[in-house]
Amino acid sequence: MQRNEGGNAIVSVPLAGTSFPKLDECVTALSSADPQMRATAAEALLDFPVTETRQGDRSLPWAYALIDAGAIVPLLGLVQAVKRDGAEGLKPCDCPGNTEPVLRAGDFALLVLTELAEVAAALLADEGWDVRYDEEVNRPVFLDEQSGLQQSSPPLLRVTNGDWISLVLVEVITLLQPLDLHSGTGMPRWPVSVLRHIPVSMQRTSTISVLDIAIEEGEAGECTRVLIRGPWAGSNGEVEGEVDPNDIPGSALHSWHDATIVAALIPHLSARTWSPVNPPRVLIIGLRCGAVPAFLCRQLPGVRVDVVEPDEEIVKIARDLFNLNFDEVRWSNLDEYNRSAQLSRPSYEGRFRVWVGISEWQFLNLLPENCNFIGILGSMPDIIEHGAQRMHEFQALALRTINNERGLGFVALAARSGTKLQETAAALSCAWNRSFARTLILCDIKQRRAFQNEGSTIPLKKNMKQILPKFGSFKWESLNFNGAPLSGGVFICLPSLVADKHKRTPLDLFHPSLWYAALEKFIQDSESAGMATSHCFPFTLESSSLNLSLPLDETLPALSNGRVLHVSFCMSSRFPGQHVRAESLSAQTTASASEDETIRETFRDNTCSKTANLHFEGSIDDVLSSIFWEAILGNKLTCNARSTAEPSYRICSSSFSHCSRYRNDIEEHGYIWGDVVIPESETKHLAKGIHRLVAAGWPPVCVFVSDLAWSVADRLWSCAEAILGADEGVVLEPSLAAFKLEPLQDLSGKRYVGNNFGQPHRDYTHEEVFGSETSQASTGPKIISIWLPLVDITLENGCMYVVPRAGDGSGGRGEDEVEIPSFDMKTVRALAPAKAGTLFAWAGNTVHWGASCAKQDEKTPRLSLAFVFRNKNTVCDLQGKPLTRDEFQEGLTMERRLELIRHSLSCFEHWYGDISQTITKLGKFEQGQYTKH
């Protein structure tokens with residue numbers, strides 16, 4: 001519930017003269033089967049008062065109340081229900097469907113959304129943003145009046161930090177105008193299309209919505225189809241499920257949660273040999289969009305899948321809008337004997353079975369003991385609450401469901417809230433302390449953060465009684481799961497029998513090479529047993545690492561205690577077993593990966609990292625060939641991967657004479673505007689190479705296949721060493737970047753690889769840059785970014801902006817979870833004009849951003865390279881291995897260069913958009929060899 005500045009709840013009050021005494025009743029009426037009722041409800045919303053407002057007062061509290069009540073989706077549905085003629089300026093068509101009530105409801109809904117957009121515009125104006133309409137692209141644009149920065153996506157405001165309602169309110173501005181027209185029908189294509197909306201009812205406590213969210217950088221018709229429960233939280237909000245409607249069902253997983261649930265199943269499939277008469281069975285809680293059961297049936301058809309879904313509307317949606325085909329069993333149509341008989345039989349191979357009309361709780365209660373499911377997967381039932389009797393009942397039912405002589409049972413359920421995830425894991429760990437050896441939390445590695453002990457400034461031994469909870473209590477167990485991100489994750493419970501028998505640790509079960517070996521073993525065993533198998537498993541476990549944690553005391557366990565793992569996945573089109581023969585995954589072989597001839601597994605800093613001894617079978621396509629890249633880049637850029645015997649100091653001697661000034665500048669101002677350190681002849685070659693790469697369909701960052709790009713990096717490395725002054729050494733983060741602005745793309749609002757990041761931001765927190773026990777004024781930074789323009793920079797072609805330390809009082813202290821930093825806009829400095837090859841650098845916590853091209857006909861849009869250098873002992877990129885000077889001097893092979901390029905692309909995927917095809921073309925390391933997809 002929303003609250004005002006005084007902390008009072010914002011609630012609706014009855015509207016005299018209407019049939020809607022409460023706001024939620026009015027919002028529900030927007031989805032009535034009666035079109036007259038829908039129109040009346042939409043009209044009523046215009047003047048519906050909320051606490052602290054009068055009737056007709058359409059201010060911020062009114063807007064917040066409507067969004068919190070879930071009005072946005074049904075309002076959009078009413079607007080889109082009107083058939084419109086794109087050739088006539090979106091005028092309503094003269095057709096039978098456009099009845100007077102439908103038109104009236106659409107008009108009032110549009111008025112309500114327009115009023116919400118006006119409130120959002122006022123909110124933007126308070127923070128210096130002006131909303132304008134770009135007639136060339138027929139879309140709204142957002143202009144920062146202070147800096148002149150213009151962008152097509154809604155800006156992140158300070159008021160929206162952690163507030164989903166404000167985010168949705170600002171996004172409303174972009175929802176009122178279609179993106180374009182469908183080429184076939186001539187009908188408008190909306191940014192967010194409402195396919196179905198089901199209101200709350202006596203049987204349903206939350207709304208259900210299915211939306212198509214258009215991909216901005218995609219072609220017409222490209223979108224993501226999402227299933228949502230409750231109010232819509234915006235295009236980037238949490239969803240129940242998501243798919244690409246153009247994909248064949250089951251061909252891919254688009255959700256990290258779904259991929260993690262499937263990945264958790266793999267080690268258990270390989271624990272024994274199966275057969276068609278005795279196949280592995282899994283039970284899925286909640287159908288949602290059907291992504292997981294469809295994926296299992298298509299990719300691992302030997303696994304038999306049952307799904308329990310109490311809501312019949314979800315089942316209809318799965319068939320109608322997610323194109324799923326399955327066997328439906330209505331619980332009420334079967335007597336007790338037939339239920340037991342069907343449950344004891346596995347579902348058909350390659351086809352899942354959905355049990356409809358019974359709650360998950362009742363289903364688990366009534367399952368016969370001979371079902372022999374090896375796992376319970378899916379979404380955590382809403383009925384579970386930590387500390388309640390239901391939690392103990394659930395663990396007892398789950399244990400009974402998966403308890404069998406095979407000792408293979410496990411539970412893997414997704415939770416969308418970090419708090420609920422941590423509490424549930426702790427409660428289940430307490431409840432299962434005798435039956436289950438491990439309860440784990442798996443989190444997206446992109447959400448990884450180090451857990452900081454809140455009492456770290458207090459002597460722990462003196463206050464131990466105050467800090468430490470009772471051993472074995474719920475609070476004690478909660479310590480094991482500190483560090484779970486707010487976005488939630490997947491909790492997994494593993495039976496003690498598996499842990500004792502095979503002596504596996506959590507890191508073993510989710511170790512990339514061991515996980516892949518388990519997948520290979522299951523598929524090979526399935527083939528040998530005559531079971532159906534997949535010929536192309538589409539993803540693989542890329543990395544897994546323990547959560548960073550701080551120990552309470554040298555005699556006490558670390559706060560995460562190895563119970564929070566961060567995992568990531570990547571695409572893979574190689575058929576398991578095609579190149580590497582899987583060995584038995586018995587207790588004797590689970591630790592043998594380090595002895596494999598083709599791959600070495602190392603554990604550093606509690607992180608599983610892979611170092612491959614590459615070998616090749618046959619030809620390795622063009623991407624590994626220097627001739628291939630030199631033909632694209634031009635003969636001025638070689639790609640020979642020559643080694644460097646010693647550091648290159650071909651940098652201008654004057655720049656070294658200024659190193660003292662550089663250090664003073666970055667400590668005093670937070671940034672450096674240096675000299676020209678790379679000659680024009682070299683920046684021209686690199687700029688031309690990037691132009692040729694983009695013209696050939698490759699991203700700008702592929703310029704790092706060239707020797708010249710690494711020669712430049714070598715010289716900037718020397719600058720970084722002089723600026724950081726780190727005696728223990730300076731390393732280069734793998735998140736290197738190359739930018740090439742495209743004015744037409746920027747003006748149209750489309751994302752693309754190599755585009756500009758126009759939001760003010762810090763790359764790293766104050767604590768990461770300066771350490772938690774030092775003050776910013778007393779020491780220099782341990783992390784710096786170096787930015788090198790390859791063309792002359794002006795205010796019009798996309799310059800960089802920085803906030804000097806004088807305008808950034810906090811320096812980011814306490815902003816670990818804050819998306820938008822707070823600073824004085826009057827102090828912002830534009831890094832222009834500047835010559836190509838000029839050295840720019842800033843501390844990792846300095847606020848900065850880049851401008852897009854201001855002119856459509858700009859002849860020299862900004863091209864630039866960016867690097868992050870850091871003190872060797874400072875933690876930065878948790879997903880990739882940094883590059884050391886020693887490794888660099890030995891020479892970077894083409895394989896290593898491509899690995900760094902792939903990593904760079906994945907780091908910025910959230911901003912670039914879909915890069916899967918590019919990464920596929922670049923190939924990847926898999927099981928001891930380089931694979932070209």
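Biologist: How many disulfides does the structure hold?

Modeller: The test is one of distance: a disulfide requires a pair of cysteine sulfur atoms within 2.5 Å. In this predicted model, the structure holds zero disulfides.

Biologist: Are Cys 639 and Cys 799 buried or exposed?

Modeller: The criterion is relative accessible area, and buried means under 20%. Cys 639 has a value of 2% and is therefore buried. Cys 799, at 0%, is likewise counted as buried.

Biologist: What share of the residues in the protein is buried?

Modeller: Of the 933 residues, 55% are buried. The secondary structure comprises 29 helices and 34 strands. As for contacts with a separation of 6 or more, 74% are between residues 24 or more positions apart.

Biologist: How many residues of strand β20 are buried?

Modeller: Strand β20 spans residues 539-546, and seven of its eight residues are buried, so the strand is largely enclosed by the rest of the structure.

Biologist: Which strand pairs with β20, and in which sense?

Modeller: The partner is strand β21, residues 564-571, and the two pair in the antiparallel sense over seven bridges.

Biologist: How is the packing of two helices described, for instance that of α7 and α18?

Modeller: One states the angle and the distance between axes, then the handedness, then the residues that touch. Helix α7 (residues 256-269) packs with helix α18 (residues 512-528) at an angle of about 65 degrees, and their axes are 8 Å apart. The crossing of α7 past α18 is left-handed.

Biologist: Which residues meet in this contact?

Modeller: From α7 come Ala 263, Ile 266, Pro 267 and Leu 269; from α18 come Trp 515, Ala 518, Leu 519 and Phe 522. By class, the contact has eight nonpolar residues, no polar ones and no charged ones.

Biologist: What is the strand order in the open sheet of three strands?

Modeller: The order is β29-β28-β31, and the pairing is antiparallel. The edges are β29 and β31 (848-850), each pairing on one side only. Strand β28 (residues 800-802) pairs with β29 over two bridges, and Tyr 801 stands opposite Ala 830 in β29.

Biologist: Which backbone details deserve a separate look?

Modeller: One inspects omega and phi. The peptide bond from Ala 832 to Pro 833 is cis, with omega near 0 degrees. Pro 833 lies in the loop between β29 (829-830) and β30 (838-843). Turning to phi, Arg 288 is not a glycine, yet its phi is positive, about 50 degrees. Asn 372, also not a glycine, has a positive phi of about 55 degrees.

Biologist: Where are Arg 288 and Asn 372 found?

Modeller: Arg 288 is in the loop between β12 (281-285) and α8 (291-299), and is buried at a relative accessible area of 6%. Asn 372 is in the loop between α11 (360-366) and β16 (375-379); with 27%, Asn 372 is partly exposed.

Biologist: Finally, what surrounds Leu 790?

Modeller: Leu 790 lies in the loop between β27 (783-789) and β28, and counts as buried at 3% relative accessibility. Leaving aside residues up to four places away in sequence, Leu 790 touches Thr 683, Leu 686, Ala 687, Ile 690, Ala 836, Leu 863, Ser 864 and Leu 865. Leu 790 and Phe 739 are 51 residues apart in sequence, and their C-alpha atoms are 9.7 Å apart in space.

Technical notes
Residues numbered from 1 in each chain as written. Predicted model: local features only at pLDDT ≥ 70, side-chain atom pairs only at ≥ 80, totals over all residues. Heavy atoms only, no water. Buried < 20%, exposed > 50% of the residue type's maximum accessible area, 1.4 Å probe, protein only. Helix = DSSP H or I, 4+ residues; strand = E, 2+ residues; numbered from the N terminus. Pairing = 2+ DSSP bridges. Axes fitted to C-alpha atoms, helices over the stretch in contact; angles between N-to-C directions. Left-handed = near helix turned anticlockwise from the far one by under 90°. Contact = heavy atoms within 4.5 Å. Nonpolar A, V, L, I, M, F, W, Y, C, P; charged D, E, K, R; others polar.
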